[in-house]
Each structure stands twice: as structure tokens, then as C-alpha cells.
Amino acid sequence: MKALRRAYDLMRARFGHQDWWPGDTPFEVCVGAILTQNTNWTNVERAIANLRAARVLEPRAMFALPEMKLANLIRPAGYFNVKARRLRSFLKVLVEEFGADLDRLFHGETPDVRERLLAVKGIGPETADSMLLYASSHHSFVIDAYTHRIFQRHRWCDTRAGYHDLKDLCESALNHQAVPRRLDYWQDYHAQLVMIGKHFCRTSKPSCEQCPLRPLLPKKKRTNEAVE
DNA sequence: TGCCAGGCCGGGT
DNA sequence: ACCCGGCATGGC
């Protein structure tokens, strides 16, 4: 899919290189990936600030925390009870199965790391792919709500396309021989899509007047069409 | 004020 | 294999 490679150049030219994911350490990235589920990132930042202030931004320390305490610290991120449970189910695997060592989880003997992550209650496809792409160094494309909207707006997929349809589409495009298989390109691609999503493809404000991807919109009907 | 944000699970068809 | 209700805070 040639349009996908052209799309990157357009986005990159507009926004510049994005240094994603926001997070100082791989562990912080994993925590953020769970906390940001259906949640604004600024709320996640408050929660992470609380965790840092409590000095539990480290696997064993966080796992030692009672679920109630953990929930209280991450309260600003919303869904704090479910997310506390989800963090703990991830931490349990990380601590008890991999000796609290993220490197062992991501680059150890586990044959299929993605499947292992998906087996954790609270980690779905997007969270797993975010961890793989931004906390370890796996070429795993992340699909999010923005990606869905953007792709449907451009008719790069049909309305019934699910997570793995889009993932396959993107990965085969980026795996094309004309594209250097640099991790940075995979990471920045998703980051660029989020920029488009935030600025030009919100559910409430679908305007694409200033969108750098405007040249790639389907012809004929170039009004400001709704996403759905 | 009401709607939305970088999902996922469990139960129901 | 989908579809839906529930989960919850902070910003505009």
C-alpha cells in the first residue's frame, strides 16, 4: 500500500519527528500503556506522578502495594479499580514468572511474547502492541481508535475492519522491501497517526481542512465528511 | 452542562 | 464471531 508510505511523509513533514512513547523507562511505558486505556494522557501523567512520588515505579515495589493503595494512587487515570487489578495481574506475571525482569519477558525464552501478554487479564491487543513497540524493540504495529477513524475516512479499509485487519494492513505496508525496517519508523508512524487523530479526526470535531493527509482523501466527495 | 479520551472484559446473542 | 454495558477521572 503505497498511500501509507506517502501518508507518513506528509505527516512527518507537518509534525516533525515525535519522540514517543512518553516514558523514561520500559517499565514506565508498560504501566502507562495500561493506564491510558480509553483515557486522556494528561490524566495518566498525574497517576504516574503519584506512583513516582510514592516510589513504586518499579515492578517489585508496585506489586508489594495492596490493591486498594495502588488504586488510590492511580485514581486520576480513571477506572482506577479495574486498572489496579490489571496492573497487578501484569505485575504478578512479571515478578513471579520473569523475576521482575522486563528484558527476560521481552527477550527471554518465551516463544511468542505477544501471546503471553494477551494471556494477561487486562492486556488486550493495543496494550500488548504498545508494550512491544515502545517498551521493547519488537516491530509490532499499534492500532488505536484514531487509526480506525483515519483509515475509514480515507477508505483504506472497509467499515467492518477489525484490529487485526488494520494491523496486517499496516505491517505488510511497512514490511515492503522499499521501506527500511527501522524500529524508529514503526514507532514514529503510530505517533504521527495519533497527531492526526488528535488534531483532525476527533469524533466530535472531524474537520480535515488543515489535515496534512487531505491530498490523500478519496476524490469526488471532498467536503468535510463525517467519519461514520 | 454533557460529551469525550491512545480499551478491555464478561455475558449475551 | 460480533455486540453491549460497565468501568471513572479531568478538560473543554
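**Contacts, cores and exposure**

Analyst: Six residues of domain 1 are in contact with six residues of domain 2. On the domain 1 side, four of these residues are nonpolar, one is polar and one is charged. The model is predicted.

User: What are the bounds of domain 1 and domain 2?

Analyst: Domain 1 covers 2-18 + 142-216 of chain A, and domain 2 covers 26-135. Their centres, taken over C-alpha atoms, are 26 Å apart.

User: Which residues of the largest nonpolar core touch the most other members?

Analyst: The core has 56 residues, and V29, L35, A47, I74, L87, M131 and I196 touch the most other members. Helix α12 gives the most to this core, with eight residues.

User: Why is E115 called exposed?

Analyst: E115 has 10 other C-beta atoms within 10 Å, so it is exposed. E115 is part of helix α8 (residues 113-118). Between E115 and P206 there are 91 residues in sequence and 35 Å in space, C-alpha to C-alpha.

User: Why does F98 count as partly exposed?

Analyst: Buried requires 20 or more other C-beta atoms within 10 Å, and exposed requires 12 or fewer. F98 has 17 C-beta neighbours inside 10 Å, so it counts as partly exposed. F98 belongs to helix α6. Leaving aside neighbours within four places in sequence, F98 is in contact with R104, L105 and G108. F98 and G108 are 10 residues apart in sequence and 8.7 Å apart in space, C-alpha to C-alpha.

User: What is noted about the phi of Y79, and why is Y79 called partly exposed?

Analyst: Y79 is not a glycine, although its phi is positive, at about 45°. The residue lies in the loop between α5 (67-73) and α6. Y79 has 17 other C-beta atoms within 10 Å, so it is partly exposed. Y79 is also among the residues that come nearest to DNA strand C, together with P76, G78, N81 and V82.

User: Which residue classes make up the surface near DNA strand C?

Analyst: This surface has four nonpolar, eight polar and one charged residues. Helices α3 (41-53) and α6 (80-98) each supply at least two residues, and α6 gives the most, with three.

User: How many residues surround DNA strand B?

Analyst: There are 27 residues around DNA strand B, and the closest are Q37, N38, G124, T127 and A145. The elements giving two or more residues to this surface are α9 (125-135), α10 (145-153) and α12 (183-200). Helix α9 gives the most, with four residues. By class, the surface has 10 nonpolar, 12 polar and five charged residues.

User: Why is A100 called partly exposed?

Analyst: A100 has 18 C-beta neighbours inside 10 Å, while buried requires 20 or more and exposed 12 or fewer. A100 therefore counts as partly exposed. The residue is found in the loop between α6 and α7 (102-107). A100 has a positive phi of about 60° and is not a glycine.

User: What makes chain A as compact as a globular protein of that length?

Analyst: Chain A comes to 12 helices and zero strands. Its radius of gyration is 19 Å, close to the 17 Å that the globule rule gives for 228 residues, so chain A is as compact as a globular protein of that length. Along its principal axes, the C-alpha trace spans about 60 × 35 × 30 Å.

How values were computed:
Residues numbered from 1 in each chain as written. Chains lettered and ligands numbered in written order. Predicted model: local features only at pLDDT ≥ 70, side-chain atom pairs only at ≥ 80, totals over all residues. Near = placed C-beta within 6 Å. Nonpolar A, V, L, I, M, F, W, Y, C, P; charged D, E, K, R; others polar. Domains from an automatic or database assignment. Contact = placed C-beta atoms within 7 Å. Core = buried A, V, L, I, M, F, W, Y, C linked by C-beta atoms within 7 Å. Rg over C-alpha atoms; globule rule 2.2 N^0.38 Å.
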